Amino acid sequence: MTPMATSTCNACAFYEDHVANSASKLQDAGLCRANPPISQPTAETRGFWPVVSASDWCGKFSVGFAAE
């Protein structure tokens, strides 16, 4: 099996369905929560998590994570 077939973002423990400001889901999109948010250029703006496709994959795939 290829990594894409078994380790897609939407099956990862760190994937979160992305909800737009209008409260409607963006089709085939989600937030990758595997790393901290990416910072913004000014202190007044918030950081953000990368938006990924549900069918994307990476080397950090995890089916679960340990509670601290």
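**Figure 1. Overall fold of the protein chain.** Helices (H or I, at least four residues) and strands (E, at least two) are DSSP runs, numbered from the N terminus. In this predicted model, the protein chain has one helix and three strands, arranged from the N terminus in the order α-β-β-β. Residues are numbered from 1 along each chain as its sequence is written, and side-chain values use heavy atoms, with hydrogens and water left out. Because the model is predicted, local features need pLDDT of at least 70 and side-chain atom pairs count only at pLDDT 80 or more, whereas totals for chains, interfaces and linings use all residues.

**Figure 2. Surface and burial of the protein chain.** The accessible surface (Shrake-Rupley method, 1.4 Å probe; for residues, only the protein chains shown count as cover) comes to about 5200 Å², and carbon and sulfur atoms account for 58% of this surface. Of the 68 residues, 19% count as buried; buried means under 20% relative accessible area, exposed over 50%, and partly exposed in between (1.4 Å probe, protein chains only).

**Figure 3. The largest nonpolar core and Ala54.** A nonpolar core is a set of buried Ala, Val, Leu, Ile, Met, Phe, Trp, Tyr and Cys residues joined through side-chain atoms within 4.5 Å. The largest one has five residues: Cys9, Cys12, Tyr15, Val52 and Ala54. Residues up to four places away in sequence aside, Ala54 is in contact (heavy atoms within 4.5 Å) with Thr8, Cys9, Asn10, Tyr15 and Asp28.

Figure 4. Thr8 belongs to the loop between α1 (3-6) and β1 (15-19), and its side chain makes a polar contact with the side chain of Asn10 at 2.7 Å. Thr8 counts as buried because its relative accessible area is 14%.

Figure 5. Ala34 is located in the loop between β2 (25-32) and β3 and is partly exposed, at 27% relative accessibility. Outside four places in sequence, Ala34 touches Phe14 and Lys60. Arg33 lies over the face of Trp49, 3.8 Å from the ring centre; a charge sits over a ring if NZ of Lys or CZ of Arg is within 6 Å of the ring centre and within 35 degrees of the ring normal.

Technical notes. A polar contact is a pair of N or O atoms within 3.5 Å; within protein, one must be able to donate a hydrogen and the other to accept it, and residues adjacent in sequence count only if both atoms are side-chain atoms.
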